[in-house]
Amino acid sequence: MNEPIPVLRAVDGGTAKLMPDVDHERAWLLTVDGAPQSYVDLDDPTHLEFEYLRRLGHVVDCVADEGTPLSVLHLGGGALTLPRYIAATRPGSRQDVVEYDAGLVALVAEHLPLPEGSGVTVHRDDARKWVEGAAADSMDMVVADVFGGSRVPAHLTTVEYARAAERVLRPGGVYAANLADGAPFTFLRSQLATFAEVFTELALIAEPSVLRGRRFGNAVLLASQSPIDTAPLSRRTASDAFPARVEQGAALARLRGDAGPVDDTTAVRSPEPPDGAFTVG
């Protein structure tokens, strides 16, 4: 059998590279301009390599009874790691993935094709535009994992965007977003304030070292109009190889401090990560 070789291709967002994992026959790491985007094991779609994706996987596991199909809107596609996970763990789910980078969509479709009957449909479009045009009360989850390079685009951080996402969710639905920030958390605090304008319940999942400001890193923001049961989430995230905490209530209020919400006239992209924060060799 021929050994898999790296695939290098220019895409809309830069230079994409698919690198085979030498320890797993059909597993691949996707990077764009050196920043890791996705890890996919075609033989085991339930394997979530990245810590933040495992946390999103825990959210998926806890939003409904085991195996129950979900309707999920994914903003940002990458190599479709989380949609593959949901298709494998919740057969019959209906999933729409919105990815702006047409070159990336083509690369993934060619080299990492979805299995037949996955229930996943990929759309090339702008995430905000798609959310604003989506049917109301149509999704159990909206998952936002959109980065232009290593930064969240400004138009996906505003009160207007949060309202659009909330409209798409069914009663009891959950919005989950992968964010990235470091001390003094200017961006993260503004996102807590922004989504608190629209949703009655918020929670945040992150490693203690990130929450304490010791390093730049990912944080998963959860928002819902219904209470978020954080007990099972806390147990799952605490048992990971890189344990994380689930914060809500008073702890989030302290983190937010006096930060105010942002709208379409004041929003900015998430901060540039420090050199080496999200790169691979």
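## Helix H8

At the start of H8, aspartate 229 places a side-chain oxygen within 3.3 Å of the backbone nitrogen of alanine 231. This comes from a predicted model. H8 spans residues 230-238, and its buried residues are Thr230, Pro232, Leu233 and Thr237. Viewed down the axis of H8, these buried residues fall within an arc of 160 degrees, so they line one face of the helix. An α-helix has 3.6 residues a turn, so residues three or four places apart point the same way.

## Strand S11 and its partners

S11 pairs with strand S9 (residues 169-181) in the antiparallel sense, over eight bridges. Here asparagine 178 has valine 220 of S11 as its bridge partner. S11 also pairs with S10, again antiparallel, over five bridges. Leucine 202 stands opposite alanine 223 of S11.

## Nonpolar cores

The largest nonpolar core has 39 residues. Those with the most contacts inside it are Leu73, Leu75, Val142, Tyr175, Phe195, Phe199 and Leu204. Which helix gives the most to this core? Helix H5 (residues 159-168) does, with six residues.

Phenylalanine 199 deserves a separate look. Neighbours within four places in sequence aside, phenylalanine 199 is in contact with Ala162, Glu166, Leu169, Tyr175, Ala223, Ser224 and Gln225.

## Aromatic pairs

How many aromatic pairs are there? The count comes to six. The rings of tyrosine 161 and phenylalanine 195 have centres 6.4 Å apart and planes at 80 degrees, so this pair is edge-to-face. Tyrosine 161 lies in helix H5 and phenylalanine 195 in helix H6 (residues 186-196), so the pair ties together parts 34 residues apart in sequence. Both tyrosine 161 and phenylalanine 195 are buried.

Phenylalanine 195 also pairs with tyrosine 175. Their ring centres are 5.0 Å apart and their planes are at 20 degrees, so this pair is stacked. Tyrosine 175 sits in strand S9 and phenylalanine 195 in helix H6, and the pair links these distant parts of the chain, 20 residues apart. Both tyrosine 175 and phenylalanine 195 are buried. Ring pairs link Tyr161, Tyr175, Phe195 and Phe199 into a cluster.

Strand S3 (residues 27-32) is mostly covered, with six of its six residues buried. In a regular strand the side chains alternate between the two faces of the sheet. In S3, Ala27, Leu29 and Thr31 point one way, while Trp28, Leu30 and Val32 point the other way. All of these are buried.

Strand S2 (residues 14-20) pairs with S3 in the antiparallel sense over five bridges. Lysine 17 has threonine 31 of S3 as its bridge partner. A hairpin of six residues joins S2 to S3. S3 also runs antiparallel to S4, joined by six bridges. Leucine 29 has tyrosine 39 of S4 as its bridge partner. S3 and S4 form a hairpin with two residues between them. In that turn, aspartate 33 has a positive phi of about 50 degrees.

Serine 38 is in strand S4 (residues 35-41). Is serine 38 buried or exposed? The cut-off for buried is under 20% relative accessible area. Serine 38 is at 5% relative accessibility, so it counts as buried. Its side chain reaches the backbone nitrogen of alanine 79 at 2.9 Å. Beyond neighbours within four places in sequence, serine 38 is in contact with Trp28, Leu29, Leu30, Phe50, Gly78, Ala79 and Thr81.

Serine 270 lies in the segment after helix H9 (250-256). Serine 270 is buried too, with a relative accessible area of 1%. Which backbone nitrogen does the side chain of serine 270 reach? That of valine 152, at 2.6 Å. Not counting residues up to four places away in sequence, serine 270 touches Ser150, Arg151, Val152, Ala180 and Phe187.

Definitions and conventions: Residues are numbered from 1 along each chain as its sequence is written. This is a predicted model: local features need pLDDT of at least 70, side-chain atom pairs count only at pLDDT 80 or more; totals for chains, interfaces and linings use all residues. Side-chain values use heavy atoms; hydrogens and water are left out. Buried means under 20% relative accessible area, exposed over 50%, partly exposed in between (1.4 Å probe, protein chains only). Helices (H or I, at least four residues) and strands (E, at least two) are DSSP runs, numbered from the N terminus. The arc is that of the directions from the helix axis to the C-beta atoms. A polar contact is a pair of N or O atoms within 3.5 Å; within protein, one must be able to donate a hydrogen and the other to accept it, and residues adjacent in sequence count only if both atoms are side-chain atoms. A nonpolar core is a set of buried Ala, Val, Leu, Ile, Met, Phe, Trp, Tyr and Cys residues joined through side-chain atoms within 4.5 Å. Contact means heavy atoms within 4.5 Å. Two strands pair if DSSP finds at least two bridges between them. Rings of Phe, Tyr and Trp (its six-membered ring) pair if their centres lie within 6.5 Å; planes under 30 degrees apart count as stacked, over 60 as edge-to-face and the rest as tilted.
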